[in-house]
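Here is a short briefing on selected local features of one structure. Keep the sequence and the model open while reading.

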Amino acid sequence: MAGPVVVLGDTLLDRDVEGTVNRLCPDSPVPVLDESTYVDRPGGAGLAAVFAAAGGAEVALVTALADDAGGARIGTLLAAAGVQLYGLPLAGATPEKIRLHARGRVLLRHDRGGPAGEPGEPSEAVLRLLATASAVLVSDYGRGVARHPALRAALSATRAPVVWDPHPRGPAAVPGAQLVTPNESEARELAKLPPGGSRLVTASRGAQTLRQRWRAGAVAVTLGGDGALLCHAGSTPLVVPAPAAEGDTCGAGDRFAAAATLALAQGALVSEAVQEAVAEASAYVAGGGVATALPAPVRTASPVVVSAGGDRIGAAAAGAVVAQVRAAGGTVVATGGCFDLLHAGHVATLEAARQLGDCLVVCLNSDASVAGLKGPARPVVPQGDRSRLLAALSCVDAVVIFDEPTPHAALSWLRPDVWVKGGDYASGGGEETLPEAEILARWGGHTVVVPYLDGRSTSDMIAAARAGRGSAGWPAAAVLAEAGRREAVTRSTAEGAQ
């Protein structure tokens, strides 16, 4: 494949809650679900992107995310799946679908997020991405991304095969789409067919109507457990039967569309792509559906910290600050780090960063992230205290805590205009040497470097404390005691394991 597989469309946050029902509510005759576990996952176009990435392709997702905790959670899950996120601004709230399960059955689905917000303008990087894709899947969930004029123009101009998975509330496919993949009810509604007629006749009429109306190369109507019906120009419809499969069908349409897109990206004929997609979707259902098909990193991704220790800490606080600044036309600045043993060098960097815009969001490595980067004896100061100290500084507007080794997932959601690094990075060749530069370019952001005060280093402070000296005004005894305690605990644990 020459370029990445691009998935474009609306992304939702899906949550499956599992529990038990042993009683009725005393004030209303409804069951009471005692929650035991829950699993979050990207829904809509996000789920299709996860499936495509699980197939081994390089996958980029063009979608709209709101400045809220739901958007932050989606960003974390997509990063865990290895999906490159090209986020557009989204007015309003992130749409969420919550399914309540008991004994494998859905009791209730709770939707929240309100009416669809208006997606923002795509960056030049997004338009270049569509032009260089090996294939594009438009996963439309009727919330506005597939309707955006600039994106539709780019889709019409791309030379890559376009697969369009439509929604009754969404727009028509762009002319020239190689394959359109509605299910039975979508085909009937989109083609405005009258009731009556056999199943195959209705599917065939719907497919032919949509193919001609939308000037598509082919239309494959998915028929659930019976496979799919494929209509080409001037040919007899091809029925692709499915192997017998029973199970949860949630997400099967996304699996079908993703599999067909991957096949086309690899040069398959449309008929071959549909056959591959039917086989993949059938195996997906038979294997347990979305509950077992999600990659392990997505199933186990730690939840984002929504709020903790103050009204300026957590994803909700950061999202509110960013939304307010963006609404006023201001500049969002972000920086990141461990900030273990906060010192004058940190403060100098933060103050310089804040002067570059209208708010400063600090992306803070969690305790688990710091330990993974610097060893089990770190951090000396836990994340709750570190975040409170940062939030207390007048130059910091919000703090968001992340568990991953890098802040890439948090950045993909926050989409700051400026990312600031402290230190001597400029001598390495400029902005392109910063690992965050490529991510900032996805939405037209920039990376900059600010000077770092010489002689201020957390590692040096800890080393000085161990040597019995103070460092930059810090009491050596206190630092040494805490660092020594953590090292002793680590050593004791390791010896016990032996």
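A residue counts as buried when its relative accessible area is under 20%, and as exposed when that area is over 50%. Leucine 341 has a relative accessibility of 5%, so it is buried. This is a predicted model.

**Backbone geometry**

- Leucine 341 is not a glycine, yet its phi is positive, near 55°. Leucine 341 sits in the loop between strand E14 (332–337) and helix H12 (344–354).
- Lysine 192 also has a positive phi, about 55°, and is not a glycine. The loop between helix H5 (184–191) and helix H6 (199–214) holds lysine 192.
- Lysine 192 has a relative accessible area of 68%, so it counts as exposed.
- Arginine 378 and proline 379 are joined by a cis peptide bond, with omega at about 5°. Proline 379 belongs to the loop between helix H13 (367–374) and helix H14 (383–392).

**The open sheet**

- Four strands make up an open sheet with mixed pairing, in the order E3-E2-E6-E7.
- Strand E3 (31–44) and strand E7 (105–112) are the edge strands; each has a single partner strand, so one side of each lacks a neighbour in the sheet.
- On average, neighbouring strands of this sheet are turned by 20° against each other, direction ignored.
- E6 and E7 run antiparallel and are joined by seven bridges. Arginine 99 stands opposite arginine 109 in E7.
- Helix H1 (residues 45–54) lies across strand E2 (11–24) and E3. The angle of H1 to E3 is about 70°.

**Glutamate 96**

- Glutamate 96 is part of strand E6 (residues 96–102).
- With a relative accessible area of 17%, glutamate 96 is buried.
- Leaving out residues up to four places away in sequence, glutamate 96 touches Leu13, Gly70, His110, Asp111 and Arg112.

**The H3–H4 pair**

- Helix H3 (residues 124–131) and helix H4 (residues 149–157) have axes that come within 9 Å and cross at roughly 25°.
- Angles under 35 degrees count as roughly parallel, and H3 and H4 are therefore roughly parallel to each other.
- The crossing of H3 and H4 is right-handed.
- From H3, Val126, Leu127 and Leu130 meet Ala150, Leu151, Ala154 and Leu155 in H4.
- The residues of this contact between H3 and H4 are seven nonpolar, no polar and no charged.

Key:
Residues are numbered from 1 along each chain as its sequence is written. This is a predicted model: local features need pLDDT of at least 70, side-chain atom pairs count only at pLDDT 80 or more; totals for chains, interfaces and linings use all residues. Side-chain values use heavy atoms; hydrogens and water are left out. Helices (H or I, at least four residues) and strands (E, at least two) are DSSP runs, numbered from the N terminus. Buried means under 20% relative accessible area, exposed over 50%, partly exposed in between (1.4 Å probe, protein chains only). Contact means heavy atoms within 4.5 Å. Axes are lines fitted to C-alpha atoms, for helices over the stretch in contact, and angles run from 0 to 180 degrees between N-to-C directions. Angles under 35 degrees count as roughly parallel, over 145 as roughly antiparallel, 65 to 115 as roughly perpendicular and the rest as oblique. A crossing is left-handed if the near helix is turned anticlockwise from the far one by less than a right angle, and right-handed if clockwise. Ala, Val, Leu, Ile, Met, Phe, Trp, Tyr, Cys and Pro count as nonpolar, Asp, Glu, Lys and Arg as charged, and the others, Gly among them, as polar. Two strands pair if DSSP finds at least two bridges between them.
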